[in-house]
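These notes are meant to be read beside the structure. Please keep both chains in view and take the points in order.

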Amino acid sequence: MSSVTTDAGPGYGPTGRSPSGPFPAGLATLRRLGSFVPTWGLIATKHLELRKRRGLMVAVLLFTLGLPVIILGIRLLFHAINPAAYGPAGSPSVFAFIVNLMAEFCFIIAATLGTSAGTTDLSDGVFRHLVVTGRSRLALYLARIPAGLAIVLPLVAVAFTTLCLVTTYAGIPQPAPVSVNGVPIPMHLQETQLRTWVDQHPHEAATAFQSGPAPSAVHIRAAASRDLASLYGEYSSEEIAYSNPAMNEMVKIGLWLELVTAVGFMAGLGLGSLTGQRTVSTILMIALEIIVTPILATHVIPFFLNGQRLVVGLALDQLRPAGLAAGNAQGPGPAGVLSGGRGVLDIPPMPTWAMILVIVGWIVGWSVIGAWRMATRDA
Amino acid sequence: MSRGGPIGGWAVETHGLTKRFGANVAVNDVELLVPRGCAFGYLGPNGAGKTTLIRTLLGLTKADGGTMFLLGVPVPSERSRALARVGAIVDEPHFHPHLTGRENLRLLAAARGGEAGARIVPSLARVGLADRADHRVGSYSMGMRQRLGVASCLLGDPELLILDEPMNGLDPAGMHEMRAMIDSLVDEGRTVLLSSHLLDEVERTCDAVAIVDHGRVIRQGSIDELVHGAGTLVVRLDCSDPIAAARLIEESGVAAGTTLAEPGLTVTLPSGASREGIADVNRLLVEGGISVYGLHEVRTTLEDWFLSVTSRLGEQS
């Protein structure tokens, strides 16, 4: 039973101290505190908190900017020392190799940054200080997204730009036309432009794209209208093998790399916020990228095909721009990853809308899970 | 709106507040009323539920029952409005160790918004950390972290400060500084609610206390009222013949009781007796031929009172 003997008049207590006037908080401040929209200051300070983690930043730099700089730097150096034995630093195959490698490691390092962003307030004991300010927990979560992406996306952009510059200006001489079965075809044609070229050069097209006895011009035109995608695929693979991607393809590849990185960060952030454990979350994300995804990419499980397609890595790989050669097909697992990419996809392709749905689902899904956990977690 | 109370409402008001962790009731039907403009101690042994009550008040964990008001504002329904005028340290003050003190405050000021950013420098100066503000918190001592914790509370210019065990880990000089800081905060009209198990510190710092045991508030009120509330005066007597003195006093009826205590006698005066009663005892003994060498009023400390209250409860249970 509680015995309440509280008195509360003026002069309460032995010191006789009396309260002064109120300390009103401005209405604008209160509105901001309750709002789920993170303020610029909140984002900037979270960015500062992440940026000042030296070990993490060294890893982020190494696996984003460091990868292409080291590989290309060594190639540039060797070529400068002995041009006869070592070819130019840039080439279409080196470009594809480095982009595939970057896709792997940018996903992993972005996920690591995401798990850090999602857990450090908890592990350092600062989360409760932040909650006690009255700031919306959702705003605290949402502030982490731009804060983290502002670190990793520019680095990926700089790294990819470096790669493009070296490939373009310190690469092998570019062939004027693409040689398909010995037939020269102009470079960097779009699908419709290839169709026009086939219509205008039916005999050359027949030699380039048809095996066996040469069909008539009518036949090859019919084949082009029936199966243009197949012809374009053949043309593209030859083009990719011997010439650098066109500028617009490079832009697409760069945007694809940024998407891979952003998805890695968002998934890491959501998982980190859910578990509250940085190490566990990071290990899970790495395992997803270098073990689970390559296995599912190369082994069709007939009764689980649609489930396989829900893995974001597969959707991202299928969204890979046409100007980028598939990753080195050395099979699943770390060996495949280290030689550039997780390997050629062996599962039947899914429609573009399905790929986009899976990717958006991962981004939104992990964000909702992370935000929910943050809003309901005991601080 | 909270019920009744003083003008301006209570700083903290809870009714039937309950928080359970499985079968364990950490906060048990707590009725707590903290007046504004004073230092209020929330006292209890370790594991009594002090920190859980504070975490519940601040919305760090959900209550299982009851109602709460901070500065007259209901929580958790209007939590942001209430916490805009509250500063708090729960458990030990933790900060990002790789950031400096100033950067940590920037982080918290950004979360608070408004004018909080402009209060970083004065807050650091007030807690005496201006010189170390640009050093990493990882290099701070426990006392410096406590002070940085107080500085973080001041960012919101709070009307109510809730400090959980603020003296923990502090050396005597640090405790003295913390006491002075709490005094100055209360002198400015702020309310300080501090939880502690250090009775001596609370008695020196606070105007009023609530005693909590097993999650339940068992007493609350001003320290004077609680400790000296029975109105009894206890006198330690040093005389030539304590046994004769005890008999004389009991026969005269001037005291409620006597206890022989080497080398003298302890005399408990009746409830409501004034200090004149001590003179009456002296007069009685001298007139009875007993030499009186000394008479000392025995002051009951908060610790004595706390132990007597908790031991009574222990006997009852």
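How do helix 11 of chain A and helix 16 of chain A lie to each other?

1. Helix 11 of chain A and helix 16 of chain A are roughly parallel to each other, a label given to angles under 35 degrees, while angles over 145 count as roughly antiparallel, 65 to 115 as roughly perpendicular and the rest as oblique. The axes of helix 11 (residues 247-275) and helix 16 (residues 352-376) of chain A come within 8 Å and cross at roughly 25°. Axes are lines fitted to C-alpha atoms, for helices over the stretch in contact, and angles run from 0 to 180 degrees between N-to-C directions. Helices (H or I, at least four residues) and strands (E, at least two) are DSSP runs, numbered from the N terminus.

2. This is a predicted model, in which local features need pLDDT of at least 70, side-chain atom pairs count only at pLDDT 80 or more, and totals for chains, interfaces and linings use all residues. Residues are numbered from 1 along each chain as its sequence is written, and chains are lettered from A and ligands numbered from 1 in the order in which they are written.

3. The crossing of helix 11 with helix 16 in chain A is left-handed; that is, the near helix is turned anticlockwise from the far one by less than a right angle, and clockwise would be right-handed. Among the residues making the contact are A:Val263, A:Met266 and A:Leu274 of helix 11 of chain A, and A:Trp362, A:Trp366 and A:Arg373 of helix 16 of chain A. Two residues are in contact if their C-beta atoms, placed from the backbone, lie within 7 Å. By class, the residues of this contact are twelve nonpolar, four polar and one charged. Here Ala, Val, Leu, Ile, Met, Phe, Trp, Tyr, Cys and Pro count as nonpolar, Asp, Glu, Lys and Arg as charged, and the others, Gly among them, as polar.

4. A second pair in chain A is helix 2 (residues 40-51) and helix 6 (residues 137-169), whose axes come within 8 Å and cross at roughly 55°. Helix 2 of chain A is therefore oblique to helix 6 of chain A. Their crossing is right-handed. The contact includes A:Leu42, A:His47 and A:Arg51 of helix 2 of chain A, and A:Ala143, A:Arg144 and A:Ile151 of helix 6 of chain A. Nine nonpolar, two polar and three charged residues take part in the contact of helix 2 with helix 6 of chain A.

5. Chain A as a whole has 16 helices and three strands. Of its 379 residues, 41% are buried, meaning that 20 or more other C-beta atoms lie within 10 Å of the residue's own; 12 or fewer make a residue exposed, and numbers in between make it partly exposed, with C-beta atoms placed from the backbone. Among contacts in chain A with a separation of 6 or more, 79% link residues 24 or more positions apart.

6. Chain B has an open sheet of four antiparallel strands in the order 2-1-4-5, where two strands pair if DSSP finds at least two bridges between them. Strand 2 (24-34) and strand 5 (73-75) of chain B are at the edges with a single partner strand each, so one side of each has no neighbour in the sheet. On average, neighbouring strands are turned by 30° against each other, direction ignored. Helix 1 (residues 50-57) of chain B lies across strand 1 (12-21), strand 2, strand 4 and strand 5 of chain B, at about 65° to strand 2 of chain B.

7. Strand 1 and strand 4 of chain B are joined by five bridges, and B:Val12 stands opposite B:Leu70 in strand 4 of chain B. Strand 4 (residues 65-70) and strand 5 of chain B pair over three bridges; B:Leu70 has B:Val73 of strand 5 of chain B as its bridge partner.

8. Which phi does B:Leu71 take in the hairpin of strand 4 and strand 5 of chain B? B:Leu71 has a positive phi near 55°, and this hairpin has two residues between the strands. B:Leu71 counts as buried because 25 C-beta neighbours lie inside 10 Å.

9. Phi of B:Asp91, near 60°, is also positive in a residue other than glycine. B:Asp91 lies in the loop between strand 6 (86-89) and helix 3 (101-112) of chain B, and is partly exposed, with 13 other C-beta atoms within 10 Å.

10. A cis peptide bond, with omega about 10°, joins B:Val75 and B:Pro76. B:Pro76 is in the loop between strand 5 and helix 2 (79-83) of chain B.
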